[in-house]
Amino acid sequence: MDIGFIGLGEMGAAMVANILKAGHQVRVWNRSPERAQVLAELGARVVATPAEAFAGDAVFSMLADDTALREVITAPLLEHAARGLIHVNMATISVVLAEELASAHASRGVHYVSAPVMGRPDVAAAGKLTIVAGGPAESIDRVQPIFDAIGQKTWRIGSLPQQANVMKLAANFMLGAAVETLGEAAALVTGHGLAMQDFLDVITSGLFPGPVYSGYGKMIAEQQFEPAKFKARLGLKDLRLALAAADSVTTPMPIASVVRDSLIEAVAQGDGEKDFAVLGQVAARRAGR
Ligand code: NAP
């Protein structure tokens, strides 16, 4: 396929590398142009504006948040796009913005698919992301070869793009809750003189196996929060979005509020650029350590 790709951060860069490896042609744009150079060496064509990337069979975006999407995917950009082009937004954004984008695209004859992903940049680099796609089935069919290059499975959850974002936010809420509890448990066991690693070996071998407990648990045990693969400030964004989505359907999520406040504390302490696992440091600090 001939695609454009907008946003070459930790996730976007890893995804583009796999798309190139699968033999597709990719035009890439990033606000900071130096991040595109590495991909140029792998065969990507670097373009100077988002509008130049917004062409071909489809365009993918992996920008940070709602603000970035609103700045880059503007009305004039959509006006200039070819009718029938498919835009697949893979970033974690609000349910409200996904709904807005779907209708703004439709009114200009551009197809919109929400396809947020689960998996950190190392999972993206391995081409093993879990993709949750919402949008018209025929659009998803057309971009499936790209999903196959970056993911291990695409879950199609229906024709309403914003429902994919709801699912992603619910998953990230659970991720936040798991990392929060790992941090609090680490503060408990180390306060009693146990080693976090020993505790981790026990819980991950039976009760809590899987990448969340072993991956984030390891970072908390080693107190290794840099370089960040998933920044705490992006995690805070997701908890805020989950709470906003819950509020819109009058759904209390008390645990989400706790995790949101812990992340606010991390950011207030100057740790927003550190990894999400820095929740472990928040819990340790509260325990006077
Ligand atoms: P990242 O490394 O911080 O990259 C963010 C990207 O957005 C960069 O390309 C950045 O450009 C661009 N950007 C930010 N603000 C912008 C603006 N105002 N205008 C234009 N471009 C802007 O983030 P990431 O980890 O790749 O995450 C990207 C998305 O994937 C987020 O929605 C995140 O929640 C989601 N996600 C992340 C993970 C993970 O583990 N990291 C997993 C699943 C989903 P510059 O290079 O110029 O700053």
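This is a predicted model: local features need pLDDT of at least 70, side-chain atom pairs count only at pLDDT 80 or more; totals for chains, interfaces and linings use all residues.
Which helices do the buried residues of α10 pack against?

**View 1. Helix α10 and its packing partners.** The buried residues of α10 pack against α9 (161-191) and α11 (211-222). Helix α10 itself covers residues 196-205, and M196, L200, I203 and T204 are its buried residues in this view. These four cover an arc of only 90° around the axis, which puts them on the same side of α10. V202 and S205, on the other side of α10, are exposed.

**View 2. Helix α9 and the residue G193.** Helix α9 has 31 residues, which at 1.5 Å a residue should span 45 Å. The end C-alpha atoms of α9 are 46 Å apart, which agrees with that expectation. G193 follows α9 and has a positive phi, near 85°.

**View 3. The aromatic pair Y216 and F276.** Five aromatic pairs are counted in the model. Y216 belongs to helix α11 and F276 to the loop between α13 (254-268) and α14 (279-286), so the pair ties together parts that are 60 residues apart in sequence. Y216 and F276 are both buried.

**View 4. The aromatic pair F230 and F276.** The ring centres of F230 and F276 are 5.1 Å apart and the planes are at 55°, so this pair is tilted. F230 sits in the loop between α11 and α12 (232-248), while F276 sits in the loop between α13 and α14, so the pair ties together parts that are 46 residues apart in sequence. F230 is buried, as is F276.

**View 5. The cluster of F5, F60 and F147.** Ring pairs link these three phenylalanines, F5, F60 and F147, into a cluster.

**View 6. The whole protein, for orientation.** The secondary structure comes to 14 helices and nine strands. With a radius of gyration of 20 Å, close to the 19 Å that the globule rule gives for 289 residues, the protein is as compact as a globular protein of that length. Along the principal axes, the C-alpha atoms fill a box of roughly 65 × 45 × 35 Å. Of the 289 residues, 51% count as buried. Among contacts between residues at least 6 apart in sequence, 66% join residues at least 24 apart. The accessible surface is about 13,100 Å², and 58% of it belongs to carbon and sulfur atoms.

Conventions:
Residues are numbered from 1 along each chain as its sequence is written. Side-chain values use heavy atoms; hydrogens and water are left out. Buried means under 20% relative accessible area, exposed over 50%, partly exposed in between (1.4 Å probe, protein chains only). Helices (H or I, at least four residues) and strands (E, at least two) are DSSP runs, numbered from the N terminus. The arc is that of the directions from the helix axis to the C-beta atoms. Contact means heavy atoms within 4.5 Å. The expected span of a helix is 1.5 Å times one less than its number of residues. The radius of gyration is taken over C-alpha atoms; the globule rule is 2.2 Å times the number of residues to the power 0.38. Accessible areas come from the Shrake-Rupley method with a 1.4 Å probe; for residues, only the protein chains shown count as cover. Rings of Phe, Tyr and Trp (its six-membered ring) pair if their centres lie within 6.5 Å; planes under 30 degrees apart count as stacked, over 60 as edge-to-face and the rest as tilted.
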